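Student: I would like to go through this structure feature by feature. Please give the general idea each time, then the case at hand.

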Amino acid sequence: MILASNISCKRGNNLIFENLNFKIEDGVATIISGKNGSGKTSLLRILANLLKPKKGDIIWKGKSIYKNIDEYHKELTYIADINCSKENLSVYENMKFWKNLYKSSISNDLFLKLLSNIDLDNYINERVKNLSSGQKRKLELTRLIIEERHTWILDEPFLGLDQHSVSIIGQTISDHLKQKGTVILSSHIPVNITNKTYIDLDLHESN
Amino acid sequence: MSKRFQRVLVVIFSLIFLLASALLILFNVKSNIVFFLTPSELQIEKHNNTIVRVGGMVKENSYSTYNNIKKFIITDNEKEIFVNYEGILPDLFKEKSGVVVEGKLINDNLNASKVFAKHDENYMPATISDKLKEKGFWNKNY
Amino acid sequence: MFSFLYNPGKFFIAAEKSHNYIKMTAIYLMIIGILYALVFSPDDYQQGFTVKIMFIHVPAAWLAMFTYALMTIYGILALSFKITFGYIFIKAVAPIGLIFTLMCLITGSIWGKPMWGTWWVWDARLTSVLILGIFYIIIMILNRSFDDIENGEKISTIFVLLGSINLPIIKFSVDWWNTLHQPASISKLASPSIEISLLLPLIVMTIAFKVLFLFLISLRVRAEINIRKQILKE
Amino acid sequence: MSQINKNLFIFFKSILSISFRDIKIQFRNMSYIYSIMIFFIMIILIFIFAIGPDEEQLKVYLIPILWSILILCSCISINNLLKDDYLDGNFGIYQFTGISFELIAISKIFTSWILYQLPILILMPFIAFIIEINETKIFHLIITIAIGSPILTVFTLISSAMMLTNSKNLILGSIIMIPLCIPVIIFSIGAITNDQELFTAQINILLSIFFASLAIGPWVISGCIKIALKN
C-alpha cells in the first residue's frame with residue numbers, strides 16, 4: 001500500500017498539480033487519467049522516485065520512501081513511456097540482459113512461453129530495430145514478468161498495441177492483482193481489468 | 001549487497017587510490033616542470049645546439065657591452081655559462097641578481113634570444129637599502 | 001547569529017542594512033590606500049617606481065584565489081547540506097572572481113614587461129592563474145547554459161569543487177617548481193621580506209580591496225536573490 | 001557461506017552484464033570505433049602535410065601532436081558515452097536494480113576505456129613506426145598513453161555526465177574537459193621528451209593523477225547522473 005500525502009509538482013515555472021492525496025491499495029489497479037499535460041507522467045515518475053516533488057511525501061510500509069529508498073526500489077518495476085530496449089541487440093539478448101540485471105530467477109523456457117504469448121516467438125533473434133513499434137512495446141512489457149517485482153508502475157503501457165495484445169496485457173495485470181500485487185498505470189485506452197480505481201488529475205488541476 | 005555497503009566498498013577503494021596518489025606525489029617533490037635549468041643541471045653534450053632556458057645569477061664584474069652585443073656570465077656558484085645577447089635588457093637586470101636566459105647553446109656559450117630578469121621576494125625602500133650598504137649590513141642571500 | 005551567512009533572507013536584510021557603511025568604508029579605504037600607495041610610499045631599491053603596481057596586483061591576486069576558496073566552501077555546504085544559498089553565492093560571485101583574476105593578470109603583465117623583460121611566460125604560476133580565470137568563465141557558462149536552472153547550478157557547483165585542486169597548485173607553484181615568478185613575500189610570517197614602509201600601504205590596499213569585494217558580493221548576491229524571487233513569483 | 005558466495009556471484013554478474021552489453025552494442029556497429037581510428041590517422045596526416053617534409057621538425061613536433069589528437073578524440077566521444085543510456089531511460093531502470101551508481105560509473109569507465117581509448121592505444125605503435133620515432137621514445141609514448149588514457153576516459157565521462165541534461169551546447173563538454181587535461185598533457189609530454197631519470201619522476205606524477213582521478217571519478221560521475229535523473 002502506498003500513501004501519497006500533499007504532493008505538489010512543478011515543471012519549470014508551471015505548477016502542474018497541488019496537494020494531491022491518494023491511496024494505492026494492493027490488489028487494485030490504480031489508473032491515473034487526465035488530459036495531456038495534466039501531469040500523469042510526472043506523477044508516475046514521482047512515485048518511482050525519478051522526480052522530486054516540490055512538496056509532500058509518499059509513504060510506503062508506514063515510512064516515507066525517501067528514508068527507505070533502497071528497499072522501495074527493490075519492489076518496483078517502472079516502465080516508462082519510452083522503450084529502454086537497445087536497438088542493436090536482438091530480442092533475446094535484451095531479455096537476457098534484463099534477467100541478469102535484475103538478478104531474476106526466471107528460466108529460459110519461460111522466455112519462450114512469454115514470447116509466444118505475445119506473438120514475438122518468431123522474432124527471437126531479430127534485432128530490435130527491425131521490430132514494429134507495437135512489437136517493441138510488447139518486448140518492453142515482458143519486463144513485468146522478468147523482473148518479478150511486487151509493484152508495477154506503467155506509463156502508457158498500451159501505446160501502439162493492437163486490441164488482442166491489450167487484452168493479453170490486461171489479463172497479465174489482472175493475474176498480478178490476484179496475487180495481491182500493486183499496479184499503477186496511466187492509459188488513454190480502456191482496458192479490461194477486474195479490479196480498478198481511478199485518480200483523475202483534471203480535478204486537481206491548479207491555476 | 002545493499003547500496004550502502006556498495007558505497008562503503010567504493011569509499012574504501014577511493015581512499016586506497018587517494019593514498020597511493022598522495023604517496024607518489026610525496027616521494028616526488030622535486031624534479032619536474034622546469035621553467036629553466038641551472039647551469040650545473042645543464043649538460044653541454046646533451047643540450048648542445050638546442051634551445052634552452054638557463055637561470056642563475058649574473059656574475060659580479062662579468063657584464064660588458066661590445067658593439068651593441070651584451071656579454072655576461074651566469075653562475076650558480078658551481079658552473080658558469082657565457083651569454084651573448086643583442087637587445088634591450090629588462091630594468092631589473094643587474095650584476096649579482098637573478099636572471100633567466102633563453103637561447104641556443106653552443107658549447108658553453110649561450111646565444112640568447114630573450115633575457116628575463118628574475119627578481120627576488122625582497123621589497124625595500126631605495127633609501128634604506130642605500131643606508132644599509134653604507135653601513136655594511138647588506139647581505140642579500142640570493 | 002551567523003545565520004545570515006547561509007540564509008538568503010537574512011543575508012538580504014543584513015546586506016541591505018550594512019550597505020551604506022560598507023560602501024563608504026570601501027570608498028574611503030580605497031582613496032586612502034591609493035594615495036598612500038601611489039604618492040606617499042617610497043620607491044623600491046630594485047624596481048623603483050614600478051613597485052607601485054604591486055599594490056594592486058597582490059591584493060587582486062589574493063582576492064582571485066580567496067573568491068574561489070569561498071566558492072569551494074559554499075559549494076561543499078550547498079551539495080552536502082542542501083543549502084541553496086551556496087548555489088546563489090557561487091552564481092553571483094564567479095564574475096567578481098573573474099574580474100579580480102583578470103586584474104591580477106593584466107597588472108602582472110604590465111609589471112612584467114619592464115621588470116622581467118616580457119609580458120607573459122608560460123611558467124607554472126602564471127599558467128595556473130590563467131587556468132583559474134578559465135575556470136571562472138566555465139563556471140559562468142555552466143550556470144547559464146542549462147534549461148533547468150537548478151540543474152545548471154548543481155553541475156557548476158560540482159565543477160567548482162573539481163577545480164579547487166587548482167588552488168594549492170597556484171599557491172605552491174613558486175615553491176615546488178622553479179618559475180620566473182618570485183616566491184611569496186608575505187607568507188613568511190616570522191620575517192616578511194617586505195620593509196615596513198612598503199608593507200603598510202600593501203596592507204591598507206589589501207583591506208580596501210577586501211571591503212570592496214564585500215561590497216560587490218553584497219550587491220551581486222542581492223541581485224541574484226531578487227532574480228530568484230522574481231522567478232518564484234512567476 | 002556458499003549462499004553468500006552465490007549472492008556475490010549473481011551481483012557481479014548483474015554489474016558485468018551492463019559492461020558486456022555496452023561492449024556488445026558498440027561491436028555490433030563498429031563504424032564508430034573505425035571512424036575514431038580513421039579520424040586519428042587523418043589528423044596526423046594533416047599535421048604532417050602542414051609541417052612539411054622537414055623530418056627533423058616532424059620528429060620534434062609529432063609526439064606532442066599525437067597527444068593533442070588523443071585529447072581531441074576523447075572530446076569527440078563526450079556526447080556518445082552516457083547520453084544514449086540517459087535518453088532511453090536505462091539509467092532510470094538501473095536505479096531499481098540495487099546497484100549503486102558509483103559501481104555503474106566504474107563499469108562505464110571500464111567500458112569507455114576499452115571502446116574509445118584502447119583502439120587508439122593499439123594503433124599507436126604502428127603510427128609511431130610509420131613516422132620513425134626512435135624505439136625508446138615509442139616505448140615511452142605507449143607507456144604514457146597507457147597511463148594517461150584512463151585519466152582522459154574519466155574526464156570525458158565526468159564532462160559527459162555533466163552534459164546529460166544539456167542538449168544544446170554540445171561544445172561545452174569539451175570546454176569542461178580540456179582544462180582538466182592540461183596537467184596530463186604537461187606531464188606525459190614531459191616524460192617522453194625528458195631523459196631517463198626525469199622520466200620516472202614524471203611517470204610517477206602521471207600515475208598519481210591516474211589514481212586520484214580513479215578515486216574521485218566514480219563519485220563525480222554518479223553524482224552528475226543522479227542530478228540529471230532527478231530532473
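This is a predicted model: local features need pLDDT of at least 70, side-chain atom pairs count only at pLDDT 80 or more; totals for chains, interfaces and linings use all residues.

Tutor: Residues are numbered from 1 along each chain as its sequence is written, chains are lettered from A and ligands numbered from 1 in the order in which they are written, and side-chain values use heavy atoms, with hydrogens and water left out.

Student: How many helices and strands does chain B have?

Tutor: Helices (H or I, at least four residues) and strands (E, at least two) are DSSP runs, numbered from the N terminus. Chain B has 3 helices and 6 strands, in the sequence order α-α-β-β-β-β-β-β-α.

Student: What share of the residues of chain B is buried?

Tutor: Buried means under 20% relative accessible area, exposed over 50%, and partly exposed in between, with a 1.4 Å probe and protein chains only. In chain B, 38% of the 142 residues count as buried.

Student: Is Leu24(B) buried or exposed?

Tutor: Leu24(B), found in helix 1 (residues 3-26) of chain B, is buried, because its relative accessible area is 18%. Contact means heavy atoms within 4.5 Å. Apart from neighbours within four places in sequence, Leu24(B) is in contact with Asn204(D), Leu207(D), Ser208(D) and Phe211(D).

Student: What span does helix 4 of chain C reach?

Tutor: The expected span of a helix is 1.5 Å times one less than its number of residues. Helix 4 (residues 124-144) of chain C has 21 residues and reaches 30 Å from first C-alpha to last, close to the 30 Å expected. Of those 21 residues, 15 are buried, which leaves the helix mostly covered.

Student: How many salt bridges does the structure hold?

Tutor: A salt bridge is a side-chain nitrogen of Lys or Arg within 4 Å of a carboxyl oxygen of Asp or Glu. Over all chains there are 18. One of them joins Lys136(A) and Glu87(A) at 3.4 Å, N to O. Lys136(A) is in helix 5 (residues 133-141) of chain A, while Glu87(A) is in the loop between strand 6 (76-79) and helix 3 (91-101), 49 residues apart. Lys136(A) is buried at 17%, whereas Glu87(A) is partly exposed at 39%.

Student: Which parts of chain D does the pair of Arg21(D) and Asp85(D) tie together?

Tutor: In this salt bridge the closest N and O atoms are 4.0 Å apart. Arg21(D) lies in helix 1 (residues 2-28) and Asp85(D) in helix 5 (residues 83-87), so the pair ties together parts 64 residues apart in sequence. Salt bridges that share partners join Lys86(A), Arg21(D), Asp22(D), Asp85(D), Asp88(D) and Lys108(D) into one network.
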